[in-house]
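Here is a friendly walk through a protein model, for a reader who likes to follow along with the coordinates open. Please have a look at the fold below before reading on.

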Amino acid sequence: MLVLISISSQLLPLLRKICSAYVINGLIMSSKRLAHVLLLSFTFIACLTQPGYASDINLKKVSDAEKRSEEIAESQLSLGLTKPGETPLSTMIAITEAAEVGDWQTAAEYADLRFLPKSMSAEKGPEYMRKLGILWSKQQILDLSQISDSPTGHANDKLPSYRDLIGTLETQQGPVPVYLQHVPDGKSGKVWKISNATIAKIPELWSEFGYHPYAEKLSLMLPEFYLMHMENWQVIVFFSALFLGWFASGLVSYLAKRIAQRFEQKISGLMQFCGRSLRWFIYLSFLQHLALSLGLSVRARVWFDNSTLLYIANTILALGIIELYCNYKSKQLHAQDKGYSVALLRPLVAIIKIIVVIIISLMWLQSSGYNMATVLTGLGVGSLAIALAAQKPLENIFGALTLYAAKPIKPGDFCRFDKTLGVVEEIGLRSTRIRKLDRTVVHIPNSIFSSKELENFSVIDRRRYKHDLRISLNTSKQQLQLLLMELRKLLLSHPRVLAEAQRARFIGIERDAFVVNVNAYIDTGDINEYFAIAEDLNFHILSMLNQLDVHIAPIGQNVVLQRADSANLEVQRQAEQLVQEMIEDNQLPFPNYTEEERNAFKGSIEYPPTGSITKPKDVVRFSKEDEETEIRS
């Protein structure tokens, strides 16, 4: 404190030059006096040690009491049925009116200054009333609806008929009652005044709850004015703290940013959090605690007693932490190549922020004394109206959340939705964008997109190889059997053909062809790699057909006007002989090969074939249009 005073004395000449003069309430003060006022304000901030007095008075109680008191005062003044001092109510109205304009001399006329202790003088009546008003305002708010409007006062308050209780002031030694007393007015009548027993307690109460001596000195140096129910010196100190607190919080924020700079690469947005959210949290928390140390009146302190600034500070801090986590998660998703999730992360964060603000606002309303059942009912009705008005947008938002949670598709997937076939480019809040095969773009609302059948071709884990070979009717039974044997051997032998659902079967005899069905699954989901494997299988089948002299039947009915080619009798004879030998040796592989033979065949064919420039694990990649054209066909 002494250091601060020393610095203040050195700054005095500079402040004199800067502040030549200023006007408050029409009064012009010299630069020297203004400099003293400012320096005393700064010094007083360091001397504030007196905590605010806790009470159960909240914002709603103060607001309701003020409203009732204003209505009663207006009705009493307009009717004019009683004179000031005739009833306890008229006395308190007169004192209140005088206090509002700072006319403590008039207020002292309604104080019983008789029979005071020797250390007190009746001439200081205005000063006693000013201090009593300050002491009362720091703990209580005057509710005129509780004051008797009868000349005899309250009849059932268990007090003497000449005395009424206005309220009590809490002290460390116990409650001190504030009485109105019916005393002689010196004109053979009686008038209601503040009890001399209450006046006698004022010095003791002031020593415990009164202003700091620096505050008293500062108050006398300043012109008398009020702002937001704060006295002149309280206004100066509070607004000085607004500037000092901002610079102090900026210094703390700067130090925090220097530390956070080391972790910025790991936690993106940490420096921004320290520069904004953390600074505002420190700043508002400082103002909250400072305001409670100024000895404010109930009407001014009620905003701080309900921790209004702390609620705002905690809201800013919570929103900053949420934003910090959003930046961290966004960077993490980008690193995991999940950019599609980032588009939905922002609306989720916005929803969470709204929920946090609503919850903290409800907590503040609860602490301010408002009935939460009424508030929630109003919110319910309002939310219903908003929900009905924003039904379609909300459906699309929830549709986007469904797509994010279930993840049936992601940007880059090739899919079919109803009659739309194309590549997903973006999943937004309102709609999903698909580029069709003809390169046009379709925007499908998320509410529809998430509720109908969707076929995603990009998640195929294996590809089906299926062909129906239509064999010429000139083919003999034995040739057909050998063809089936070789086809089954081919499927068993190829290293890229899965064991599931393998088959090569003679499934039908039609009037123009024998139908042989070949079915298998290739162990790849990539359509370009599948084309390469299917091509290899087709070459093997073509070789079989040539070796066995088996021909593909022409489509439809053809009228042949030329001499038909004669069959190769030697090949047919060899096929008949080979099948007959298998029958005699019980080696005919119908209906299928044995398990041992199947295991022996597996992987015996070299793939890629001999002479291929492609290594076994290489995958030839083609454009997305090749896959789209194949699926469309």
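## The chain as a whole

This is a predicted model, in which local features need pLDDT of at least 70, side-chain atom pairs count only at pLDDT 80 or more, and totals for chains, interfaces and linings use all residues. Residues are numbered from 1 along each chain as its sequence is written, and side-chain values use heavy atoms, with hydrogens and water left out.

The protein chain has 23 helices and 13 strands; these are DSSP runs numbered from the N terminus, helices being H or I of at least four residues and strands E of at least two. Of its 633 residues, 41% are buried (buried means under 20% relative accessible area, exposed over 50%, and partly exposed in between, with a 1.4 Å probe and protein chains only). Take the contacts between residues at least 6 apart in sequence: 66% of them join residues at least 24 apart, a contact being heavy atoms within 4.5 Å.

Which residues touch the most other members of the largest nonpolar core? They are Met92, Met129, Leu144, Ile166, Ile194, Ile199 and Trp233, in a core of 58 residues. A nonpolar core here is a set of buried Ala, Val, Leu, Ile, Met, Phe, Trp, Tyr and Cys residues joined through side-chain atoms within 4.5 Å. Leucine 144 makes contact with Ser69, Ile72, Ala73, Leu89, Met92 and Ile93, leaving aside its neighbours within four places in sequence. There is also a second, separate core of 34 residues, with Tyr465, Leu482, Leu484 and Ile522 among them.

## The largest pocket

The largest pocket holds about 1,300 Å³ of space. To find it, a 1 Å grid is laid over the protein atoms alone; a pocket is an open set of points with protein on both sides within 12 Å along at least five of seven lines, whereas a cavity is a set where a 1.4 Å probe fits but cannot get out, and lining residues have an atom within 4 Å of a point. Grid points are joined across faces, edges and corners, and the volume is the space filled by probe spheres set on the points.

The lining has 46 residues, and those closest to the pocket centre are Ala99, Glu100, Trp104, Ser137 and Arg299. Two or more lining residues come from each of helix H3 (59-79), helix H4 (88-100), helix H6 (125-139), helix H9 (213-221), helix H10 (232-260) and helix H13 (298-305). By type, the lining divides into 25 nonpolar, 11 polar and 10 charged residues; Ala, Val, Leu, Ile, Met, Phe, Trp, Tyr, Cys and Pro count as nonpolar, Asp, Glu, Lys and Arg as charged, and the others, Gly among them, as polar.

Glycine 133 sits in helix H6. Its C-alpha is 7.6 Å from that of alanine 99, 34 residues away along the chain.

## Aspartate 164

Is aspartate 164 buried or exposed? Aspartate 164 counts as buried because its relative accessibility is 2%. This residue belongs to strand S3 (residues 163-171). The side chain of aspartate 164 comes to 3.1 Å from the backbone nitrogen of histidine 154. Beyond four places in sequence, the contacts of aspartate 164 include Pro88, Ser148, Asp157, Tyr179 and Trp192.

Most residues other than glycine have a negative phi, and most peptide bonds are trans. Arginine 439, in the loop between strand S8 (431-436) and strand S9 (441-445), has a positive phi of about 75°. Asparagine 586 also has a positive phi, near 55°, and lies in the loop between H21 and H22. Proline 591 is in the loop between helix H21 (569-584) and helix H22 (595-601), and the peptide bond from phenylalanine 590 to proline 591 is cis, with omega near 10°.

Here is how accessible several residues are.

| Residue | Relative accessibility | Class |
|---|---|---|
| Arginine 439 | 49% | partly exposed |
| Asparagine 586 | 68% | exposed |
| Glutamine 332 | 26% | partly exposed |
| Glycine 133 | 27% | partly exposed |
| Serine 121 | 27% | partly exposed |

Glutamine 332 is part of helix H14 (residues 308-335), while serine 121 is in the loop between helix H5 (104-108) and H6.

Notes: A polar contact is a pair of N or O atoms within 3.5 Å; within protein, one must be able to donate a hydrogen and the other to accept it, and residues adjacent in sequence count only if both atoms are side-chain atoms.
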